[in-house]
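Here is a briefing on one protein structure.

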Amino acid sequence: MREVDCIIVGGGLAGLQAAIQLGRYSAHQVLVIDAGEGRSTLCRTYHNILGFPDGVSGEELRERGRMQAEQTGVSFEKDRIIKAERQGEHIQLFGTSGSEYRSKTVLLATGLSDRVPDIPGLTPTLGRTVYVCPDCDGYEIQDQRTVLLGSGEPGANMAMILIQRTNDLLYINHEQAPISAELHRSMKEAGVRYLEAAVQEVQQIEDGHITGVLTEDGQIFESERGFIAFGGNRVHYELAEQLGAVIADNKHVEADPRSLQAANNVWIAGDLGLHAEQATVAMGEGSIAAIWIHKALQQMTKD
C-alpha cells in the first residue's frame, strides 16, 4: 500500500492546479490519481482562459499541467478510485486496479459528467463550436446562427439565456420532454424558435465546426454554432459522501467557503462543489484548497 501526505483524486484542471501549488511547497509527498477522462478531456478549445486569446484545448492544459506538477516532485497514478474510508488518522482509497492508497489528507477533484446523448457527429464539435456553459462560451455565439440541442425544461431554460446573445436561435427538444406552458410562452415572446424532433446527426466540416443538424424526418437546419442542455448531469460525489461530507440536494458537495474543506482532512475543488462551473474557477479553487492542505499538514507535523 502506498502512503503519502496528500492524495488528489482527479487530474483535471482543479486537481492539476492543486498539485502544482502543493508541489511548490517542496515539503509534502503528493500523489495525483486520475482515470484519464473528464470534462477537460472533451473540451477542444477553452476561449476564456488568461493568456490563450486564440483558445487552448483541455488536453493541452492537462499535459502542460502534469509536466509542471511533475517538475516539483508530484507523482501520478492512472487508476479510478471507487471507495474511500477512514483508517484511524489516515484515509484509505481503493482503485479499480486493485491498488490501495493511504494518505493524511485528500483533495477530491472528481467533478461531474455532462449527459450527452449518443448523436453522431456531436462529440467532435464539443468545445470547438458546440458548448455547454453560457458563462464560459456565450460570447462565442454572439449574433451567430445557433442551434440548441436539449431536453425539455433544461433546454428551455438555456434557450432563455442564450437568446440574449443571438436573435437567431433554434431550440430542438431532442428527447421531446415536456415543457411548461409558461416556459413555452416565454420562449415565444423572446423570439426563440422551437422544434420537437429527434436529431439524427450533427453535421460539420473538418476540425469540429458545426454546419447544421439533420433530424430524423430528413430536415436540415443550418447553424454556425451550437449549445447542448439535456440536464441530468452526474456529479461524482460518492467518495466525498463516504468520507463524511455533506451532500446538497443537487448532489454537489458542501464545503467551507474559505478553505474548501468538506470534512476532516478532506477538501474539494472544481465542479464537485457548489459554484460556477468554469475552468478558471476550478483552477482557483485548486490553489485555495492546496494552501489550506499545506497548513493542515504543517499543523500535523507540529502535533
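In H1, the buried residues are Leu13, Ala14, Gly15, Leu16, Ala18, Ala19, Ile20, Leu22 and Gly23. Buried means under 20% relative accessible area, exposed over 50%, and partly exposed in between, with a 1.4 Å probe and protein chains only. The model is predicted: local features need pLDDT of at least 70, side-chain atom pairs count only at pLDDT 80 or more, and totals for chains, interfaces and linings use all residues. Residues are numbered from 1 along each chain as its sequence is written, and side-chain values use heavy atoms, with hydrogens and water left out.

**Helix H1 against helix H8**

- H1 is mostly covered, with nine of its 11 residues buried. Helices (H or I, at least four residues) and strands (E, at least two) are DSSP runs, numbered from the N terminus.
- H1 (residues 13-23) packs on H8 (residues 279-302) at an angle of about 40°, and the axes are 7 Å apart. Axes are lines fitted to C-alpha atoms, for helices over the stretch in contact; angles run from 0 to 180 degrees between N-to-C directions.
- On the H1 side, the contact uses Leu13, Ala14, Gln17, Ala18, Gln21 and Leu22. H8 contributes residues including Ala282, Gly286, Ala290 and His294. Contact means heavy atoms within 4.5 Å.
- By class, this contact of H1 with H8 holds 10 nonpolar, five polar and no charged residues. Ala, Val, Leu, Ile, Met, Phe, Trp, Tyr, Cys and Pro count as nonpolar, Asp, Glu, Lys and Arg as charged, and the others, Gly among them, as polar.

**Helix H8**

- The end C-alpha atoms of H8 are 35 Å apart, which agrees with the 34 Å that its 24 residues should span at 1.5 Å a residue. The expected span is 1.5 Å times one less than the number of residues.
- Buried residues of H8 include Met283, Glu285, Ser287 and Leu297.
- Their cover includes strand S1 (2-9), H1, H3, strand S6 (100-108) and strand S18 (266-268).

**Helix H3**

- Arg64 lies in helix H3. Its relative accessibility is 43%, so Arg64 counts as partly exposed.
- Arg64 and Leu16 are 48 residues apart along the chain, and their C-alpha atoms are separated by 9.5 Å.

**Thr45**

- Thr45 sits in the loop between helix H2 (39-42) and helix H3 (58-70).
- Thr45 is buried, at a relative accessible area of 6%.
- Beyond neighbours within four places in sequence, Thr45 contacts Asp54, Gly55, Val56, Ser57, Gly127 and Arg128.
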